[in-house]
Each structure stands twice: as C-alpha cells, then as structure tokens.
Amino acid sequence: MHPAIRALEGTLIVSCQAYPGEPMRDPRTMAQVAAAVEEGGASAVRAQGLEDIAQVKTAVTVPVIGIWKDGSEGVFITPTLAHCRAVIEAGADILALDGTLRERPDGLTFAETLRRIRDLTDIPVMADCDSEESALAAAEAGADIIGTTLAGYTGARPSTEGPDLELLSSLVAQLPGRAVVAEGRVHTTAQAAACREAGAFAVVVGTAITHPTSITRWFGAAVQGA
Ligand SMILES: CC(=O)N[C@H](C=O)[C@@H](O)[C@H](O)[C@H](O)COP(=O)(O)O
C-alpha cells in the first residue's frame with residue numbers, strides 16, 4: 001500500500017465543497033474551511049475544482065484529494081483523462097475520479113484511464129464507485145482507494161438513509177488489505193463510527209461538516225417538526 005494511503009487508516013477525511021451559485025463558492029473560503037477542519041483533526045481534505053485545489057494546497061499540510069466536477073449528470077467527477085491531468089497539475093496529492101462502469105465522455109474505461117495516469121505520475125488514485133461490480137473492477141485495475149462515493153447516486157444501488165453499509169461491508173470482505181473508504185451520506189457521528197465498525201479503512205464526511213446550508217435545513221426541520 002502507498003505510504004500516503006497507509007497513513008489515512010482509521011482516520012476522518014473531510015470533503016470541502018460548495019456548489020455552483022452558493023455563497024461559499026470561493027476558493028479562498030474553501031481554503032479557510034479546509035484549514036479549519038485540519039485544525040479539528042482531519043487527516044486529509046477533498047477539494048473540488050482546479051482553483052479550490054490550488055488554494056486549499058496553500059492552506060493545509062495534510063494531503064489534498066483533488067476532484068474536478070464537470071456537469072452534474074452521467075460521469076461528472078473528474079470524468080476524463082484530461083480532467084485527471086488538470087487535477088494533478090493543480091497540485092492534488094491524491095487524484096479522485098469516477099470509478100463507475102458507465103461510459104466516460106472520452107471513451108476510455110476506468111482501467112485505461114488509470115494506466116495512462118500511471119504513465120504520468122505515481123500519485124495515489126481514489127476510485128469513486130457506485131456498486132460492488134465497479135468497486136471490484138477499480139480494485140482489479142489498481143486503484144489505491146476504493147470509495148463508496150457514488151453509491152445511491154447512479155441507479156446501481158438504492159439511496160440509503162445514511163451510508164451504504166451493506167455495500168461497504170461486502171467490499172471490505174472481498175478486498176482484504178485494500179483501502180475501502182466510506183463516503184456518501186455519513187451525516188452523524190454514529191454513522192461514522194458504524195462505517196469503521198463495518199471495516200471502513202477511513203471515512204469521508206462532507207455535507208455534515210462543511211455545508212452549513214444543509215446542516216441548517218436539518219436543524220430547521222427538527223425545530224419546526226418538534
Ligand atoms: C455524489 C457526489 O457528487 N458526491 C460528491 C463527491 O465529491 C460530494 O458532493 C459529496 O459531498 C461527497 O461525496 C461527500 O459526501 P457527503 O456530503 O454525503 O458527506
């Protein structure tokens with residue numbers, strides 16, 4: 001296992017993202033958020049977009065997992081080899097990309113994309129998967145981190161209330177010694193602990209830590225519903 005990945009075992013990774021048109025959508029803001037979660041003990045941060053990656057890199061000492069979301073439908077998380085190259089050039093320490101079996105805009109498979117990335121650099125790669133099939137294929141192709149990031153977002157798996165623990169447990173059992181990371185809908189500390197109990201190598205939390213609009217809505221609904 002890559003030493004940078006080994007260091008993440010048993011830790012919390014925090015995703016720092018703001019969405020198009022939102023008040024916090026500013027690379028400087030995301031860099032401050034990233035610095036704040038580092039102070040809280042995040043072992044790595046996940047940043048979206050080339051400017052955010054570059055700014056976040058200046059604000060933290062922990063590894064930056066870089067993605068580039070292009071669009072919001074189909075394959076949109078670092079969807080092509082060109083996006084991968086740009087994320088690497090922006091300074092990401094770990095490259096994350098769509099790890100599903102869906103057709104990609106440039107026609108390459110995940111495995112072909114990974115092979116081309118390996119020709120360029122040996123930085124670790126995280127596959128954002130949506131199912132058992134895609135995760136096993138990404139592992140076979142040599143991804144350093146297998147994430148459950150897209151489970152519940154592509155139709156391959158139902159969207160569970162919290163993290164997809166069934167998928168997580170199954171991957172942990174089938175991929176011993178590999179970094180199977182829980183990501184997606186981890187909204188409470190209990191759910192984060194449940195992911196570790198299910199064998200997650202590490203846990204990524206985004207919305208519940210770094211997206212105040214969503215968190216406010218959750219609390220607002222609780223207050224109004226009480
Ligand atoms: C499906 C998709 O586009 N997921 C994205 C991936 O980077 C982000 O929007 C999520 O916030 C991230 O995965 C963390 O998940 P959560 O915010 O649920 O803790």
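How many residues surround the ligand, and which are the closest? In this predicted model, the ligand is surrounded by 16 residues. The closest of these are Y19, K69, E183, R185 and T207. Sorted by class, the shell around the ligand comprises seven nonpolar, five polar and four charged residues.

A polar side-chain atom of Q17 is placed 2.9 Å from an oxygen atom of the ligand. For K69, one of the closest residues to the ligand, a polar side-chain atom likewise lies 2.9 Å from a ligand oxygen atom.

The site of the ligand is the largest pocket, which has a volume of about 780 Å³. This pocket is lined by 32 residues, and those closest to its centre are Q17, Y19, K69, Y153 and T207. Y19, K69 and T207 are also among the residues closest to the ligand. The lining of the largest pocket consists of 12 nonpolar, 14 polar and six charged residues.

Regarding secondary structure, at least two residues of the lining come from each of β2 (44-48), β8 (202-205) and α9 (207-210). The contribution of α9 is the greatest, at three residues. T207, which is listed among the lining residues closest to the pocket centre, falls within the range of α9 (207-210).

Key:
Residues numbered from 1 in each chain as written. Predicted model: local features only at pLDDT ≥ 70, side-chain atom pairs only at ≥ 80, totals over all residues. Heavy atoms only, no water. Near = heavy atom within 4 Å. Polar contact = N/O pair within 3.5 Å; in protein donor to acceptor, adjacent residues only side chain to side chain. 1 Å grid on protein atoms, 1.4 Å probe; cavity = no way out; pocket = protein on both sides within 12 Å on 5 of 7 lines; lining within 4 Å. Sits in = over half its atoms within 2 Å of the grid points. Nonpolar A, V, L, I, M, F, W, Y, C, P; charged D, E, K, R; others polar. Points joined across faces, edges and corners; volume = space filled by probe spheres on them. Helix = DSSP H or I, 4+ residues; strand = E, 2+ residues; numbered from the N terminus.
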